[in-house]
Amino acid sequence: MVLESLGKSLRGVLQKIARSGTVDEALIAEVVRDIQRAMLQADVNVQLAIDLTARVKKRAKEEKPPAGASVRDFLVRIIYEEIRRTLGKEKPFEIHPQRVLLAGLFGQGKTTTAGKLARYFQKKGVRVMLVAADVHRPAAIDQLEQLAKKVGADFFADRTEKRAEEIVRAARAKAPAHMALIVDTAGRSGIDPDLIAELKRVRAALEPDETLLVLDAAMGQSAGRSAKAFHEAVGLDGVVLTKLDGSAKGGGALSAVAVSGAPIAFIGTGEHMDELERFDPTRFVSRLLGMGDIQTLLERFEELANKEEAEKAAEHLMSGRFSLRDMRSQLESLGQMGPFSKLMSLFPTFGGVKLDDDKLAETQTRMRRFRSILDSVNGGELDDPSVIKGDRIHRIARGSGQKPQEVRALLKYWEATRKAAHGIASDRKLRRQLEKQLAAGGGELKV
Ligand SMILES: Nc1nc2c(ncn2[C@@H]2O[C@H](COP(=O)(O)OP(=O)(O)OP(=O)(O)O)[C@@H](O)[C@H]2O)c(=O)[nH]1
Ligand SMILES: [Mg+2]
């Protein structure tokens with residue numbers, strides 16, 4: 001995967017949040033430090049990393065989660081949004097018979113990208129003519145010809161013509177209207193007047209729909225300077241960032257290019273012709289953070305974080321050592337319904353209340369309230385709820401925006417559950433039933 005080590009560090013941060021007691025200043029400071037370290041290791045610009053984490057910190061302190069969302073999920077969302085912001089805007093790119101000009105310095109991957117783009121167009125049903133306008137090296141023309149064969153594209157070259165713009169004119173005259181033209185140009189060791197002059201002549205002859213700069217991700221942050229200089233000199237529609245598969249500096253290149261003003265259109269993720277992807281910043285971040293897509297962002301997060309804890313909590317549940325921390329992870333891993341209402345159905349009555357369907361909606365509301373209360377309970381209290389009394393009840397109520405009697409109800413509920421669960425452990429028949437359900441549910445309580 002692209003940017004594997006950055007992704008790994010960031011996923012570690014999310015897991016740390018999931019495992020934490022309360023979201024307090026200490027946790028936020030730690031998380032911010034971790035993100036900063038991960039960013040710097042991926043070669044992200046220092047100022048950019050500092051700005052990003054400062055925004056995470058500020059928002060985590062000042063903003064309140066929407067009703068029903070936990071403080072931890074909310075923190076994850078802030079982190080997601082701020083990382084997403086550093087990757088710039090999405091570059092629309094339609095596949096139709098158009099003219100594409102590829103430019104860039106030596107060895108950045110222009111010719112390879114020309115071949116990959118041709119395959120990409122043809123897969124979507126648009127035929128391509130690859131045009132060899134690298135007039136300085138005959139080997140470059142052969143390289144493109146071979147790639148054209150490989151991807152089944154048409155090929156245009158004129159080995160006797162030394163003016164790139166004339167080659168482009170001849171190619172335009174030859175290509176039928178339904179064909180896309182993708183033009184490979186010569187590289188240089190630096191952005192010099194000759195390179196810019198040649199690019200301008202080629203562009204005047206081609207009148208491209210898309211002028212794309214091909215940049216090697218191994219350049220790290222200097223890719224941003226390069227993009228800016230090219231953008232100012234010739235005007236770019238987008239950037240293709242290549243070799244993201246092999247570069248530890250990919251984070252630096254991605255973020256630096258994103259702020260350069262030229263949006264990233266494609267990324268190259270390998271040497272093969274199929275290894276080109278459209279760059280969608282939203283999808284990119286969710287993949288980096290290990291989330292399928294944004295809709296399932298929070299669900300996936302909870303699943304990942306709580307599976308292990310749910311297993312441990314189930315054990316605790318039967319041992320009678322069941323803490324508020326266990327209760328919280330169960331509530332979160334099993335959704336708003338929680339295992340307790342399911343557990344309760346094992347008993348004819350529970351806490352004096354028979355749990356029939358009418359009571360279910362009420363229970364769900366209560367579970368939601370319990371979850372928000374549990375976000376305001378600190379680590380020590382989660383482990384030993386007996387210390388929660390008097391002033392502490394009022395502090396927790398204030399912190400969670402609930403009434404003190406709800407906090408007391410939560411404690412009563414926890415105590416009753418603990419006793420009932422302990423009761424199951426001593427009732428052989430019930431115990432067997434519970435164990436069977438646990439085994440079937442892969443750690444989830446499906447009583
Ligand atoms: N791993 C990896 N290698 C790539 C990628 N894109 C290009 N390459 C490799 O980078 C090297 C240079 O690629 P070229 O396409 O020849 O680069 P160029 O910009 O056309 O080079 P010049 O024409 O010499 O300026 C080749 O060995 C490619 O196989 C990529 O996304 N990932
Ligand atoms: Mg080349």
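Helices here are DSSP runs (H or I, at least four residues), numbered from the N terminus.

**Ground rules.** I'm working on a predicted model, where local features need pLDDT of at least 70, side-chain atom pairs count only at pLDDT 80 or more, and totals for chains, interfaces and linings use all residues. Residues are numbered from 1 along each chain as its sequence is written, chains are lettered from A and ligands numbered from 1 in the order written, and side-chain values use heavy atoms, with hydrogens and water left out.

**Entry 1, cavities.** Rolling a probe the size of a water molecule over the atoms shows where empty space is left. I took a cavity as a set of points, on a 1 Å grid over the protein atoms alone, where a 1.4 Å probe fits but cannot get out; lining residues have an atom within 4 Å of a point. Points are joined across faces, edges and corners, and a volume is the space filled by probe spheres set on them. I got three cavities of 30 Å³ or more. I listed 14 lining residues for it, and the closest to its centre are Leu 6, Met 39, Thr 86, Leu 87 and Gly 251. H3 (46-62), H4 (71-86), H10 (250-258) and H11 (281-288) each give two or more residues to that lining. H10 gives the most, with three. By class I logged eleven nonpolar, three polar and no charged residues (Ala, Val, Leu, Ile, Met, Phe, Trp, Tyr, Cys and Pro count as nonpolar, Asp, Glu, Lys and Arg as charged, the others, Gly among them, as polar).

A pocket is an open set of points with protein on both sides within 12 Å along at least five of seven lines. I read about 840 Å³ for the largest pocket. It is lined by 33 residues, with Lys 64, Pro 65, Val 71, Ser 376 and Gly 399 closest to the centre. What does H15 give to this lining? It gives the most, five residues. The classes split into eleven nonpolar, eleven polar and eleven charged.

I counted 18 residues around ligand 1 (a heavy atom within 4 Å); the closest are Gly 109, Lys 110, Thr 111, Thr 112 and Asp 245. Helix H5 (residues 110-123) has the largest share of this shell, four residues. The shell divides into two nonpolar, nine polar and seven charged residues. Then I looked up polar contacts (N or O atoms within 3.5 Å). Polar side-chain atoms of Arg 137 and Gln 143 each lie 3.0 Å from an oxygen atom of ligand 1. For Lys 116, the side-chain distance to a ligand 1 oxygen is 3.2 Å. Alone, ligand 1 exposes 640 Å², and the protein buries 80% of that (Shrake-Rupley, 1.4 Å probe).

Asp 34 sits in H2 and Lys 16 in H1 (residues 4-19), 18 residues apart.

Terms used:
A polar contact is a pair of N or O atoms within 3.5 Å; within protein, one must be able to donate a hydrogen and the other to accept it, and residues adjacent in sequence count only if both atoms are side-chain atoms.
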